Amino acid sequence: MKNIVTILLITIICHQVFAQQTNEFRAWKLTNYSGYVGIRGFYREQERVLKNFEEYSYYPFLYGGIALNTNSYVLHPNLLLLNIGGEYNPGTANQRYTVSPDRSEVLNISKLDIQGIFFNSKPMNLIAYINLARNLINREYVSSTKTDSKNWGLKYNFRNKILPVTISYNNRKWDQEELETNRNYFNDQKNFEARASKSFTKYNDQNEILVRHNDFFRREANLTETHNIFKSINIINRYYLDRNKRYMFRSYINNLDQTGTVDQVRFQLRESIDLKLPFQFRLGGSYQLFDIQQRIQGNRLNRININLQHQLFNSLKTDAFYDYSTNDHTSFDETNLRFGGSINYAKKIPTGTFGLIYSYRRHNQAVIGDSNKTIQIIDEQQVLSDGEIILLNQPYVRIETVVVKDALGVIIYDEGFDYILIERNGFVELVRIPGGQIANGSAVLVDYTTDQIGSYQFVSSFNAFTVRFNILDNHLELFYSLSNQDYSDLEGSELISLNYFDRYSYGVRVNIWAITAGVERDDYRSSIVPYDRFLYSLRMSGKAGKKLLLSLNGSVTDQKITLERIPQLYASIFGKMVYMIKPKTKLDFDIGYRKQVGEQIDLDMITAKLEANTSFRNLYARLGFEVYRRNYIGEELNFKGIYFQIDRKF
């Protein structure tokens, strides 16, 4: 009996696995492949000049390149699919400056990618993979890095009508070296994730549960080590309450238990509704609970928000909001009441449109605290963009306690290499350094300690008004904006820094053919960090005949912090020309200039590259010349080179 059952099970499994008859049974079959084999070379000269140091070097180099990507299966496509790819550039591993300074793309020294998919077309499948790589990359034309990475993992999928499930495990290690500074970083990350989703009603509801266990270790360049273990569970729900999907309910629940270098327990709850009402009204509301407990402090935030919107025809949109929150912190109790509204009016006029926006906000804040205590701020989010003044939210920061991390909170950035801190009238400004680990426009998390300033309360009023004209069939755009913030009902205000301000912005933008140019002034008269800023922009692109393509992009941000008379300048212009000699032969010319003036960010740089590309059947070739000049905070770098590449693709 057991033998019969075994034979039946094997027969059923084989029938399911090999049900497709379009592919024959093979021990192993190659279904597709591609790649290239080639030869590359370059000659580069570089001069590096410091105050008391001068270095000259040249690099003649010849090396090969080969890459191969294959798709195959073992026994049958429904049993095991194999995707194997690799690349190797012999010789590059021995060369520290194989990436020329003006490049921003990744150069792979070597890599190997292997992926196996078991039971690909079946409800249950398993994916196993391993990726090994060594590459070189340049960050913003300033820093060159070499990275060795190892990444492997498993992913299991079970698709079904009852409870679809996905389980995955990933193990990643990478070792990175900054070639100019000799800074080394090491990461070791292990991630386990299980996800299940289910719909219970006929109104297309969504319900998901996500469980994570992450183990993260990092060693910084200064040998500081961080090791944290994250255990979290997320429950996400979305329900439509009617057949027409006009009424919706959302729920988000998250619980995080973190141990290691930083211990914390965090619970988040957000319940919200969105109701589309008659007569073009829309009502939204939410309740949020945020509870975080750490070694030395904890806080519990409760928040209620209500928002009502109305749309009158296509021209008038109005909204009003009410927001109330309480924060029970170890060191203080805080209550915030915010309410206000806005009017947005848009109207067609001869040859264009007219827009008018007005908004009003009122904020009542009361804090009861002990001036003898300190407050530790954890994971304050900021976005760092060149030309923007970014201040930490709280005043009286103990600047030596500031820690800046990536958006996930796992990479700790280095002051002086990745960012700088500048004290501004009781606040601290955070500025990223070009070429560091923080990319322009990226989000960071900031931890710091600030002195508790006791009890206080105030009422702030904010008004903003904007008028905009778009005329002459979108060829001319004019705008003017003003806003102000004032305070009343002050108690204990001598203990805090309040931001009284009047702000005036106005500008013009012109669109003619393929050219867009604009100028804007921003006059920010603040009691904290006042500044006067001019922004200029130019963008153009087009064709000259059938063979020549041209583009040019430039911007200038010229600002001055008025109290301290500190100038700051961010200027850049990049041009590109493409000349099509023949359908498969073209000439590319790129040129760029970048200028920065400011505290610890001075940069003067020009880059230029001329490259010819051609192909004949499966043979591809390119020849290029490049020049690079950079002066960054007193360090001069002069570079020039020639390179070539010939590849046979298959």
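What is the mean pLDDT of the protein chain, and what share of its residues reach 70 or more? The mean is 87, and 92% of the residues reach 70 or more; pLDDT is the predictor's confidence in each residue, from 0 to 100.

Before you start clicking: this is a predicted model, in which local features need pLDDT of at least 70, side-chain atom pairs count only at pLDDT 80 or more, and totals for chains, interfaces and linings use all residues. Residues are numbered from 1 along each chain as its sequence is written, and side-chain values use heavy atoms, with hydrogens and water left out.

Stop 1: Select residues 1-22, where pLDDT stays under 50 and the model has 16 contacts (heavy atoms within 4.5 Å) beyond four places in sequence. Then try residues 93-105, also with pLDDT below 50; this stretch has 48 contacts beyond near neighbours in sequence. Where pLDDT is low, the predicted coordinates should not be read in detail.

**Stop 2: a run of strands.** Now select strand β8 (residues 184-198) and strand β9 (residues 206-219), which pair in the antiparallel sense over 13 bridges. Strands here are DSSP runs of E, at least two residues long, numbered from the N terminus, and two of them pair if DSSP finds at least two bridges between them. Look for Asn-191, which stands opposite Asn-214 in β9. In the hairpin of β9 and β10, with 5 residues between the strands, find Leu-223 and its positive phi near 75 degrees.

**Stop 3: aromatic pairs.** The whole structure holds 12 aromatic pairs, meaning rings of Phe, Tyr and Trp (its six-membered ring) with centres within 6.5 Å; planes under 30 degrees apart count as stacked, over 60 as edge-to-face and the rest as tilted. Show Phe-458 and Tyr-487: their ring centres are 5.4 Å apart and their planes at 75 degrees, so this pair is edge-to-face. Phe-458 lies in strand β23 (residues 456-471) and Tyr-487 in strand β24 (residues 476-491), so the pair ties together parts that are 29 residues apart in sequence. Both residues are buried (under 20% relative accessible area; exposed is over 50%, partly exposed in between, with a 1.4 Å probe and protein chains only).

Key:
Helix = DSSP H or I, 4+ residues; strand = E, 2+ residues; numbered from the N terminus.
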